[in-house]
Structures are given as structure tokens and as C-alpha cells.
Amino acid sequence: MTISLQEGVIPVIRQQNDYAIVAITKHGVEIARKLNEQMSGTDVYYMSKFVKGDEEQRSIQMFEGSVRLLFPALFPAYQGLIIIISLGAVVRMIAPLLKDKKKDPGVVVIDDNGEHVISMLSGHLGGANELTHEVAAAIDARAVITTASDVQKTIPVDLFGRRFGWVWDSADKLTPVSAAVVNEERIAVIQESGEPNWWTHERPIPANIRRFTSISDGRASEPNAVLLITHRLLGLEEESILTNGVLYRPKVIILGIGCNRGTPADEIEQVIQVALEELSFSIRSVKAVCTIDLKKDEVGLLEVTRNHGWEFITYTPEELNTVTIEEPSETVYQFTGAYAVSEPAVKLYTGQDKLTLIKKKSGNVTISVGLLDFTDSASFERGGL
């Protein structure tokens with residue numbers, strides 16, 4: 001559905017996330033789509049003449065008419081706006097909407113080449129300065145901050161890992177943990193999985209922030225606040241580390257799915273949930289579902305991946321057959337041209353020979369589970385930095 005913008009009429013939008021990305025040019029649309037892939041928690045809006053055909057699947061909202069007429073709907077709805085339009089034009093369009101720095105959303109502007117990300121409005125209270133750093137890191141651009149007092153350069157707790165797709169389990173402790181970070185108290189960043197290059201500033205990580213690779217090591221440092229990054233479901237004893245902590249879910253779980261034609265979404269969903277619970281993995285850390293290209297139009301798989309916002313990746317039988325697998329199946333080969341589906345699909349995506357779950361069949365569904373491994377690029381020291 002395309003939003004038809006009319007003078008004097010505030011358009012109806014679908015706000016699903018905290019941040020909106022707006023583009024009106026061909027290059028801007030490409031930047032918006034890339035950023036939407038890189039950063040979770042973003043809704044995308046762009047002009048309908050740049051339709052790609054996958055907008056409904058990706059929950060992208062298109063509009064026709066002057067983009068100026070879109071902002072009265074976006075301004076009160078979002079925590080932050082990421083606008084890929086010239087700075088001067090943005091100033092003129094949002095000027096009538098400004099109230100005060102305590103109420104206005106953070107506004108970040110990106111040039112049409114994606115080279116500069118500018119913190120334009122509500123840098124501190126609106127979070128635009130930190131959002132600027134996260135957006136710049138996501139698209140490999142230069143962050144431009146003009147606020148004279150922007151000297152902290154620390155971790156934005158509510159935006160932490162957003163450009164990698166990380167999500168937090170609960171917002172309950174965001175405020176006290178943010179206060180602890182800003183006040184330079186002892187902070188433990190405990191990371192068991194996910195991308196290690198989350199520090200976006202040129203200066204070294206502040207001395208009050210220490211990095212650990214295990215909960216036990218982080219706990220031993222007696223921190224005032226904790227940022228815990230893991231795909232695992234925590235045990236009761238482990239959960240006590242979050243008394244003043246935020247739990248982040250990195251997108252590291254890759255699912256390989258094989259299924260009979262016509263398998264309903266709820267059956268696929270149930271198999272996924274059971275498999276992850278048995279592994280003590282969080283479903284919020286799933287990044288992608290992989291399968292054979294014969295299933296690229298499988299309604300149940302498309303529904304599940306769309307509902308969760310997961311990547312849906314397919315491979316040809318020839319690609320799947322290049323992977324060494326545990327138990328090649330002649331039966332599967334007769335029907336698909338591949339000796340297996342779920343296991344080699346995960347191995348192709350992750351680049352790993354070893355899977356967490358090689359293969360489990362349940363009813364009409366076969367599932368394999370693997371993890372993305374970033375340890376080769378990590379610079380952790382046991383016990384902190």
C-alpha cells in the first residue's frame with residue numbers, strides 16, 4: 001500500500017520500530033535499504049517510483065507526493081529520524097514542527113552519497129549524537145557532530161549493537177545502566193557471542209569499561225552495571241548478573257530448514273521453538289533461515305521468516321552438494337538433487353564445519369542449527385581489557 005501525501009492531511013503510517021529512515025532519491029533508497037539491513041529497530045519510507053518489489057515482505061512503506069507532508073506523522077511517532085535528504089531541505093521541512101529539545105526526536109541527516117552522517121537535531125537529549133555514530137559505523141561513513149559539549153564518547157546503552165541487529169531482551173534497566181555508564185562507574189561488558197567491533201570512537205575504551213568473555217569473570221570484577229551479550233538462555237544463577245544490567249541478543253543463530261511441500265507455518269514455528277529451547281538458545285538471536293532454492297516460494301517458510309524479520313536464504317542443489325555432510329541421503333537426492341538440505345545450508349551460510357545441531361527431523365520438518373563465529377576478529381583478553 002502506498003501512502004498518498006496530501007496538503008493539510010496527516011498521513012496514516014505503520015510505526016513498528018523506534019527509528020524511521022526516509023529517502024527520496026535513487027541513491028538514497030539504496031542507502032536506506034542497506035541501513036535497514038544493518039540496523040534493527042528501523043522503519044523505512046521512500047518514494048513509490050523506486051519500488052523494488054520486495055517492500056511488503058520487508059515492511060517498507062512507500063509514499064507519493066511531497067515528502068514534507070510525511071514529517072508531521074513521523075515527528076511525534078519516532079524516537080529518531082534518519083533522513084537521506086540535503087541538510088538545508090530538511091531544515092526547511094521540519095522547522096514548523098519543532099517544539100523544544102526535551103520533546104523533539106533526534107534527527108540525523110545523511111548525504112546522497114552516504115559519505116557523511118550529520119547530527120542535526122536533539123543531539124544530547126534526543127540521542128542524535130549517539131545515533132549518528134551508530135549509523136555512520138553501519139554504512140562506513142563519517143560521523144559529523146557539532147555539539148560543543150559532546151565529549152563523553154562512551155557506550156549508548158539503548159543503541160548498543162543496533163547496527164549489527166542486536167536487540168535487548170528488556171528495557172527495564174536501560175535507564176540505571178545508562179546512568180552508570182555516563183557517570184563513569186565500573187562497567188562490565190560481558191560478550192559471549194556477536195560482533196566484537198562495537199566500539200565506534202577513535203579514542204580507546206574508557207578505563208571504567210572492561211570487557212569479559214564469561215559471566216564468572218565479569219561478576220568477579222564487581223561491576224556497578226553490566227552489558228551482557230549472548231545468544232544463550234540464562235540459568236537462574238546467571239540471571240543475577242542482570243540485577244543492574246541489560247541483556248543483548250546478537251544475531252548469530254542460523255537455522256537450516258527442510259520441509260515437505262505445503263507444511264504450515266505454525267508447524268515450522270513449533271519445530272524451531274522446540275529445537276532452540278532444547279539448545280537453550282534465544283529465538284531473538286536468530287538471524288537467518290536457509291534452505292534449498294526449490295523452497296524459495298514455500299508459503300510456510302516465507303510466513304515464518306517474514307513474521308520474525310529473519311533473512312531467508314536459498315541455495316542450489318549444486319551449492320549444497322559441495323559441502324561435506326554427516327549422512328548423505330539418496331532419497332533426498334532423488335527428490336531435490338541435493339544429498340541433504342538443512343545441514344549443508346547452515347554450513348554454507350556460517351562457513352563452519354561444526355554445527356550445534358546437525359539434523360533433527362520432526363513431522364514434516366527437518367532442522368539444523370549453527371552459529372556465526374566472530375572469535376577470529378575479537379581482541380578479548382580473559383578477564384578483561
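Reader: Why is Glu 184 called exposed?

Author: The model is a predicted one. In it, Glu 184 has a relative accessible area of 57%. Exposed means over 50%, so Glu 184 is exposed.

Reader: Where is Glu 184 placed, and what is its phi?

Author: Glu 184 lies in the loop between helix 5 (174–182) and strand 10 (187–191). Its phi is near 60°, a positive value in a residue other than glycine. Most residues other than glycine have a negative phi.

Reader: What makes Glu 222 exposed?

Author: The relative accessible area of Glu 222 is 58%. The cut-off for exposed is over 50%, and therefore Glu 222 is exposed. Glu 222 is found in the loop between helix 6 (215–220) and strand 12 (225–229), and its phi, near 50°, is a positive value in a residue other than glycine.

Reader: How many cavities of 30 Å³ or more does the structure hold, and what volume has the largest cavity?

Author: The structure holds one cavity of 30 Å³ or more. The volume of the largest cavity is about 50 Å³.

Reader: Which residues line the largest cavity, and what is the make-up of this lining by class?

Author: The lining consists of Glu 134, Thr 154, Ile 155, Pro 156, Phe 160, Trp 198, Trp 199, Thr 200 and His 201. By class, five of the lining residues are nonpolar, three are polar and one is charged.

Methods: Residues numbered from 1 in each chain as written. Predicted model: local features only at pLDDT ≥ 70, side-chain atom pairs only at ≥ 80, totals over all residues. Heavy atoms only, no water. 1 Å grid on protein atoms, 1.4 Å probe; cavity = no way out; pocket = protein on both sides within 12 Å on 5 of 7 lines; lining within 4 Å. Points joined across faces, edges and corners; volume = space filled by probe spheres on them. Nonpolar A, V, L, I, M, F, W, Y, C, P; charged D, E, K, R; others polar. Helix = DSSP H or I, 4+ residues; strand = E, 2+ residues; numbered from the N terminus. Buried < 20%, exposed > 50% of the residue type's maximum accessible area, 1.4 Å probe, protein only.
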